[in-house]
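Q: I'm new to this one and would like to go through it step by step. Could you put it up here?

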Amino acid sequence: MTRNRADADDLVQAAVSNALAAQASFTPGTNFGAWMFRILRNRFLSDIRRKRDTCDMDNAPAEALARPAAQEDSLALRELRMRLADLPEDHRTALMLVTVQGMSYEEAAEVMGCAVGTAKCRVFRARRQLEAWLVGEEPKAKRGTAQAQAGETTRRGATSRKTISKASGQALHLGS
């Protein structure tokens with residue numbers, strides 16, 4: 001208990017003196033070893049309590065008495081629940097299977113009846129969307145949207161189109 005030989009010797013000596021002082025409380029025919037161990041353990045705990053630092057309530061530092069507020073946590077959980085409900089059903093299901101239930105992506109894909117890559121994509125998109133909502137940022141634009149905003153789009157089987165900006169701010173589409 002003490003992890004120190006000298007302290008252990010002192011503890012045993014104190015426990016034996018306590019046992020001799022309380023020998024009238026021992027009932028013959030019961031387990032003497034258990035009775036002595038109980039006295040030893042109680043003496044050890046009393047010594048630890050006695051060594052603890054104590055001070056008056058008036059002199060106690062504010063940090064010792066302060067507790068963090070729980071209101072913010074409950075508000076954050078409420079917002080998370082609302083935002084989870086706003087996710088598309090397939091994204092929410094994938095996220096819950098992988099993060100809450102601890103399934104692997106393979107197991108989640110099997111439960112949802114889709115490919116493993118699809119399950120990974122759904123979890124990624126759900127996490128990204130939740131992060132954007134909870135942090136208050138707008139989700140980043142998709143690749144196709146960013147290209148369209150930059151003025152470049154490519155279609156399968158069609159020619160590329162480039163947008164050239166005029167001085168007046170109007171766009172002119174030229175086929176290439």
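Q: Where is the place of Val-16?
A: Val-16 sits in helix α1, which covers residues 5-21; helices here are DSSP runs of H or I with at least four residues, strands are E runs of at least two, and both are numbered from the N terminus. This is a predicted model, in which local features need pLDDT of at least 70, side-chain atom pairs count only at pLDDT 80 or more, and totals for chains, interfaces and linings use all residues. Residues are numbered from 1 along each chain as its sequence is written, and side-chain values use heavy atoms, with hydrogens and water left out.

Q: And how exposed is Val-16?
A: Val-16 has a relative accessible area of 37%, so it counts as partly exposed, the class between buried (under 20%) and exposed (over 50%), with a 1.4 Å probe and protein chains only.

Q: OK, new topic: how many helices and strands does the protein have?
A: The protein has eight helices and three strands, and along the sequence the pattern reads α-α-α-α-α-α-α-α-β-β-β.

Q: What about the inside, which residues have the most contacts in the largest nonpolar core?
A: They are Leu-84, Leu-87, Leu-95, Met-112, Val-123 and Leu-130, in a core of 13 residues; such a core is a set of buried Ala, Val, Leu, Ile, Met, Phe, Trp, Tyr and Cys residues joined through side-chain atoms within 4.5 Å.
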